[in-house]
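Subject: Structure handover

Hello,

Here is the structure I promised to pass on. Please open it beside this email and follow along. My notes come after it.

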Amino acid sequence: MYLTPEEERILAGEYGEGMRKAMEILVAIGKIYDAERLIPISSAQISGVSYHNIGDAGLEFLWDFSRGARVRVKATLNPGGVDLGKWREMKIDREFMEKQGEVIKIFMSMGVEPTLTCTPYLVGNLPKKGEHIAWSESSAVAYANSVLGAYTNRESGISALAAAIIGKTPMYGLHLKENRRPEVRVVLKTELNYRSDYSVLGYAIASKAGHSIPYIEGMGKADLEALKLFAASIATYAGAAIFHIKGVTAEWMDFEPPGETIEITSRDLEEGYEYLRDEFREVDMVWIGCPHTSLKELEEIAGLLKDKEVAAELWITTSRQVKRMAEELGYIETIEKSGAKVIIDTCVAVAPLLGKFKTLVTNSAKAFYYSRGVNRFRVKVANLEKCIDAAVRGEWV
Amino acid sequence: MEFRGRSISKGFAKGEVLLSREPISFYGGVDPNTGVIVEKNHPLEGKSIKDKILIFPRGKGSTVGSYIIYRLAKNHMAPNAIVNIEAEPIVAVGAIISGIPMIDKVDEKIFDLLEDGDVVEVDGDRGILRWVEKR
């Protein structure tokens, strides 16, 4: 891989140990994927924040690394493992909360913004079409490549951090236009009536088209909230880092539709819902906010919860910044009056909740995957109205 | 005998060979406190990778694996060097942040020509593994 004289000096350690290590990481990844050179990036989104996931090993590494390194570009953080103001209500102990605080302080000392959300594009990290970025968090990667038209590979937490410190990333994969080309045409023969339908669609396409980059026709309109649920789902089930939707996403006009075609019918969606519904009647918990809810979603939830009282736990996860706006608009008061909790800085998938609840209803197919796999809950996916109804009744009818 | 590969993580190391024809997942597959492979039914299950020249085809599993390699190094339970057929980012990043010499792209015949316990040297700067002594 070609390195500029300055990059060579960084690799030789002339800019200190932190920069040297970050450069060595980028060069190794560049070599593995046959990158020609490094390219400048405009932002980074860094995962690997929850103490529950990275443990003492991650904490030690970040501590050592932080002593000689600062980020050179805008860098934002994925959710951690706990709402720092609500750890008791989340049934999480003080020691965990304090360790999580350590992780956040270390990132801040490196110049990373403590956004603690999987939706950086809702809190000011909003790259434009054609910008090169280095993002981790699979749902945000799929959203940024597809909806925004920014260029990023699926980074790990460490490679995204290294890229932020150098301000560059190896040029391979989805940084090259030819690798963003759609590979399979997906024709929708069904209407999408609820946002959860978009989430289930991500699962259905993954089941039929596998890892191929889809070019989707027949979706009509889709709002930001539907696209964010779809991106999260297709990233989870297909490992997709990019998709194209005719008339909707940033680059659909740049490519010809591929020849190979598959169809998605209403039967496929029904089968998706069937797969995404475990058997249970009593509902312990309802979770909305995978990915983190937008202001519009909080408005809708407040509308549905007005003058109601929940029987099950209802957790709504969002970012600190969006919650603040929702507070000023009065949505949070309405939601909390029902007994629901608005939780920030974390989510159900990365918090230490193993075995603390048994059953969960959500509007997100990604949430289904992680709540089952990581937390061992039984889970059902349903539209927002049904989710709220399940929370109010405390049972699935 | 000498195997020429590619430099992934710099440094020089010497030690006894430990071979695995199966990929290794460090997250969940290796105990970070003891250096013992704990993945159920793995060919190296129950063996320690401490101070070894660990030779395996490639890494697998969660990216948290990079942090586990770092923890092994901090606990003095890490291998002295890592040799892969085809490096992938989890193990490569783990080796770099932990200062463990690592090379890849060595000939797959290495699994037939070397034996556990052979003493070898790894030159991480130049991507070379050199045979020193038969077990």
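Pro291(A) sits in strand S10 of chain A, which covers residues 285–293. The peptide bond from Cys290(A) to Pro291(A) is cis, and its omega is near 0°. Most peptide bonds are trans, and most residues other than glycine have a negative phi. Keep in mind that the model is predicted.

**Positive phi values**

Which residues other than glycine have a positive phi? Asp34(A) is one of them, with phi near 55°. Asp34(A) lies in the loop between H2 and strand S1 (38–40) of chain A. Its relative accessibility is 68%, so Asp34(A) counts as exposed, the cut-off being over 50%.

Arg376(A) is not a glycine either, and has a positive phi of about 60°. Find Arg376(A) in the loop that runs between helix H13 (365–373) and S14 of chain A. Arg376(A) is exposed too, because its relative accessible area is 63%.

**Helix H7 of chain A**

How far apart are the end C-alpha atoms of helix H7 (residues 195–209) of chain A? They are 21 Å apart. At 1.5 Å a residue, the 15 residues should span 21 Å, so the two values agree. Is the helix buried or exposed? Of its 15 residues, 13 are buried, so H7(A) is largely enclosed by the rest of the structure.

**Two helices that cross**

Two packed helices are described by the angle between their axes and the distance between the axes. The crossing of H3(A) and H4(A) is left-handed.

Which residues meet there? From H3(A) they include Leu59(A), Leu62(A) and Trp63(A), and from H4(A) they include Val103(A), Ile106(A) and Phe107(A). By class, the contact of H3(A) with H4(A) has nine nonpolar, four polar and three charged residues.

**The nonpolar cores**

The largest nonpolar core has 144 residues. Which of them touch the most other members? They are Leu62(A), Phe107(A) and Phe26(B). Helix H2 (residues 17–32) of chain A gives this core its largest share, nine residues.

Now zoom in on Leu62(A). Beyond its neighbours within four places in sequence, Leu62(A) is in contact with residues including Val103(A), Phe107(A), Met110(A), Leu161(A) and, from the other chain letter, Tyr67(B). There is also a second, separate core of 27 residues. Val322(A), Ala326(A), Ile332(A) and Ile388(A) are among them.

**Four buried residues**

Val379(A) belongs to strand S14 (residues 378–381) of chain A. Its relative accessibility is 0%, so Val379(A) counts as buried. Leaving aside neighbours within four places in sequence, its contacts include Leu276(A), Phe280(A), Leu360(A) and Phe368(A). Ala150(A) is 229 residues from Val379(A) in sequence and 33 Å from it in space, C-alpha to C-alpha.

Ile343(A) is in strand S12 (residues 341–344) of chain A. Ile343(A) is buried, because its relative accessible area is 0%. Ile343(A) and Trp315(A) are 28 residues apart along the chain, and their C-alpha atoms are separated by 6.7 Å. Not counting residues up to four places away, Ile343(A) touches Trp315(A), and also Asp83(A), Lys86(A) and Met90(A), among others.

Pro101(B) takes us to chain B, to the loop between helix H2 (89–98) and strand S6 (102–104). Pro101(B) has a relative accessible area of 6%, so it is buried. Ile82(B) is 19 residues away in sequence and 6.5 Å away in space, C-alpha to C-alpha. Ile82(B) is also one of the contacts of Pro101(B), as are Phe12(B) and Gly124(B).

Glu155(A) lies in the loop between helix H5 (138–148) and helix H6 (157–166) of chain A. Buried or exposed? At 12% relative accessibility, Glu155(A) counts as buried, since the cut-off is under 20%. Apart from residues up to four places away in sequence, Glu155(A) touches Ala134(A), Trp135(A), Ser136(A), Ala160(A) and Thr169(A).

Best wishes

Key:
Residues are numbered from 1 along each chain as its sequence is written. Chains are lettered from A and ligands numbered from 1 in the order in which they are written. This is a predicted model: local features need pLDDT of at least 70, side-chain atom pairs count only at pLDDT 80 or more; totals for chains, interfaces and linings use all residues. Side-chain values use heavy atoms; hydrogens and water are left out. A crossing is left-handed if the near helix is turned anticlockwise from the far one by less than a right angle, and right-handed if clockwise. Helices (H or I, at least four residues) and strands (E, at least two) are DSSP runs, numbered from the N terminus. Contact means heavy atoms within 4.5 Å. Ala, Val, Leu, Ile, Met, Phe, Trp, Tyr, Cys and Pro count as nonpolar, Asp, Glu, Lys and Arg as charged, and the others, Gly among them, as polar. The expected span of a helix is 1.5 Å times one less than its number of residues. Buried means under 20% relative accessible area, exposed over 50%, partly exposed in between (1.4 Å probe, protein chains only). A nonpolar core is a set of buried Ala, Val, Leu, Ile, Met, Phe, Trp, Tyr and Cys residues joined through side-chain atoms within 4.5 Å.
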